[in-house]
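Here is a short tour for anyone meeting this structure for the first time. Have a look at the fold, then read on.

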Amino acid sequence: MTDEEIMKHAIIQAKKALDLGEVPIGAVIALNGQIIAAGYNSVITNCDPTAHAEIQAIRHAGKNLSNYRLTEAELFVTVEPCVMCAGALIHSRIKRLVFGASEQRTGGINSVYRILQDGLLNHTTLITSGVLEDECRQLMQDFFRKRREEQKLAKAALKQNYERKNG
């Protein structure tokens with residue numbers, strides 16, 4: 001499968017997160033062009049701040065391969081991983097990272113930090129960015145636009161309720 005075909009599977013995972021009201025980030029791990037694991041953000045659902053899509057996919061891949069080292073595996077994720085997830089890539093020895101949209105606020109790969117490229121760590125991960133970037137970015141933008149609209153409506157409803165009660 002091509003990078004784009006595999007990224008489409010990560011986007012499907014992101015939509016699962018979206019259906020749960022989670023930030024829509026999805027990840028899949030491929031080995032020799034075949035998907036062996038998948039994950040999506042579930043931090044709210046699982047009450048677990050480490051339940052990022054990348055971590056979920058890495059956990060599943062390790063179990064599926066009965067190995068905590070994923071030396072030939074490739075991680076495809078819809079949004080640039082954070083620092084925590086970059087650390088997980090290093091510890092699991094992921095061979096290659098492919099991501100869609102950059103994350104300008106918390107990106108641990110290119111945008112804010114460059115964890116995988118600093119040369120200080122004992123593992124090097126190849127990086128490909130911008131795969132299906134527009135579609136991945138649009139998912140995030142639509143999610144946060146909807147969330148802001150919902151918050152605005154909730155705030156207006158609270159104000160209206162207060163004014164009705166207090167005249």
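Two residues are in contact when they have heavy atoms within 4.5 Å of each other. With that in hand, the buried residues of α3 pack against α2, β3 and β4.

## Ground rules

This is a predicted model: local features need pLDDT of at least 70, side-chain atom pairs count only at pLDDT 80 or more, and totals for chains, interfaces and linings use all residues. Numbering starts from 1 along each chain as its sequence is written, and side-chain values use heavy atoms, with hydrogens and water left out.

## The overall picture

The chain has four helices and five strands, and along the sequence they come in the order α-β-β-α-β-α-β-β-α. Helices (H or I, at least four residues) and strands (E, at least two) are DSSP runs, numbered from the N terminus. The C-alpha trace spans about 65 × 30 × 30 Å along its principal axes.

How much of the chain is buried? Of its 167 residues, 41% are; buried means under 20% relative accessible area, exposed over 50%, and partly exposed in between, using a 1.4 Å probe and protein chains only. Take the contacts between residues at least 6 apart in sequence: 55% of them join residues at least 24 apart.

## Helix α2

Helix α2 covers residues 53-65, and its 13 residues should span 18 Å at 1.5 Å a residue; the end C-alpha atoms are 18 Å apart, which agrees. (The expected span is 1.5 Å times one less than the number of residues.) Buried residues in α2 include A53, I55, I58 and G62.

What do the buried residues of α2 pack against? Their partners are β1 (26-31), β2 (34-40), β3 (74-79) and α3 (83-92). Just after α2 comes S66, with a positive phi of about 55°.

## Helix α3

Helix α3 is mostly covered, with seven of its 10 residues buried. Those are C85, A86, G87, A88, L89, I90 and S92. R93 follows α3 and has a positive phi too, near 65°.

## Two residues to look up

A38 sits in strand β2. Why does A38 count as partly exposed? Because its relative accessibility is 23%. Leaving aside neighbours within four places in sequence, A38 is in contact with Q13, A27, V28, Q56, A57 and H60. From A38 to E54 it is 16 residues in sequence and 8.3 Å in space, C-alpha to C-alpha.

I115 lies in the loop between β4 (96-101) and β5 (126-129). Setting aside neighbours within four places in sequence, I115 is in contact with V83, A86, I90, G108 and L121. V43 is 72 residues from I115 in sequence, and their C-alpha atoms are 23 Å apart.

## The largest pocket

The largest pocket has a volume of about 610 Å³. Of its 22 lining residues, the closest to the centre are V79, E103, T106, M140 and F144. On a 1 Å grid over the protein atoms alone, a pocket is an open set of points where a 1.4 Å probe fits, with protein on both sides within 12 Å along at least five of seven lines; lining residues have an atom within 4 Å of a point. Points are joined across faces, edges and corners, and the volume is the space filled by probe spheres set on them.

Which helix gives the most to this lining? That is α4 (residues 133-166), with six residues.
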